[in-house]
Amino acid sequence: MKKTFTLLLALTIASAAFAERKWGIEAGYDHNWLISKTSYQATTLDGETIKDQQELKATVNLDGFHVGGTFLYCFDEVEGLAVGGGIQYQFARGAVQQDQVRALIFDLTTESIEQELAKCKKLSYTMHSLQIPLRIGYEYTFDNDLGIFAYAGPILNFALDWYIQGETADGYTATLHQISGVFVGKQGDSQTTKSDNDYKHYNIFDLGLGVAVGLSYKWVYFSAGCDVGLLNICSHPSYSLSLINTRYNIDNTARNIQLKLALGFRF
């Protein structure tokens, strides 16, 4: 994977001197699936299995948008072949069911943070991310300037702030920032803040692979694509926990999948 990414990046840089350059802007609708799972097996401290493999799962659907700048290098030697990319800001938000909370925060016990979130009747998840797609593709243009294209390539995702938030009927709000590891509880003018590395549930960096197809007309284009996260972005994927006379061997996984519909302009 590292060799593939390095080769594509080198090709992108080298192509700048031997290709027609186009710059642009792009915006569109995004749908994310944040998929988290905790698998664990419980044993007594002397090694006797007392529970078979158990799983906690959560799939949160988040709707949002992306907006950013793009570049495209069209090779002179091969008509239609191009390398492109850009930098984008992404925002997404979705509702969370109460029974998904434990899988989203990878918690097997009744920790205080889970208890705080359990008070909340309305729960939501919010993502703020910075993304850098790098693509290689081909576009065929007809005589009437209408074109069809397809591309594929990696996407780098940097999580700026991912957080789960809830609110009770009496106005209490609880917010768990899972990138910075900060928990904030508010009740009127009163606020409590806790910070702990154990609250950092997701990694900042993710590497994905995406494909898309689209239509273009002169300097306007529309595309539809999907980016699949390749890494386990859980910040503590595997560990053991001992409680009273029980030992838990725990494996956590988390991945993010994105569907994107985009409208762009090239100059």
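Q: This is a predicted model; what makes the contact between Glu55 and Lys37 a salt bridge?
A: The closest N and O atoms of Glu55 and Lys37 are 3.8 Å apart, and a side-chain nitrogen of Lys within 4 Å of a carboxyl oxygen of Glu is what the term requires, so the pair qualifies as a salt bridge.

Q: Why are Lys37, Glu55 and Lys57 said to form one network?
A: Glu55 also meets Lys57 in a salt bridge, with an N to O distance of 3.4 Å, and salt bridges that share partners join Lys37, Glu55 and Lys57 into one network.

Q: What makes Glu116 and Lys119 fall into separate accessibility classes, and what joins their side chains?
A: Glu116 has a relative accessible area of 18%, which is under the 20% cut-off, so Glu116 is buried. Lys119, with 45%, is partly exposed. The two form a salt bridge, the closest N and O atoms being 3.5 Å apart, and by this rule the count comes to seven salt bridges.

Q: Why can Leu215 belong to a nonpolar patch on the surface?
A: Leu215, in strand β9, has a relative accessibility of 47% and counts as partly exposed; a patch residue needs over 30%, so Leu215 passes that cut-off. Together with Tyr138, Tyr140, Phe142, Leu146, Ile148 and Tyr217, Leu215 forms a patch with about 680 Å² of accessible area. Strands β4, β5 and β9 each supply at least two residues of this patch.

Q: How do you know what kinds of residue line the largest pocket, and which strand gives the largest share?
A: The lining of this pocket, whose volume is about 910 Å³, consists of 46 residues, with Leu72, Ala82, Glu139, Phe149 and Arg266 nearest the centre. By class, the lining residues divide into 22 nonpolar, 12 polar and 12 charged. Strand β4 contributes the largest share, eight residues, while the strands that each supply at least two residues include β1, β2 and β12.

Note on methods. Residues numbered from 1 in each chain as written. Predicted model: local features only at pLDDT ≥ 70, side-chain atom pairs only at ≥ 80, totals over all residues. Heavy atoms only, no water. Patch = residues over 30% accessible without salt bridge, like charges linked within 9 Å, V, L, I, M, F, W, Y side chains within 5 Å. Areas by Shrake-Rupley, 256 points an atom, 1.4 Å probe, with all protein chains shown as cover. Helix = DSSP H or I, 4+ residues; strand = E, 2+ residues; numbered from the N terminus. Buried < 20%, exposed > 50% of the residue type's maximum accessible area, 1.4 Å probe, protein only. 1 Å grid on protein atoms, 1.4 Å probe; cavity = no way out; pocket = protein on both sides within 12 Å on 5 of 7 lines; lining within 4 Å. Points joined across faces, edges and corners; volume = space filled by probe spheres on them. Nonpolar A, V, L, I, M, F, W, Y, C, P; charged D, E, K, R; others polar.
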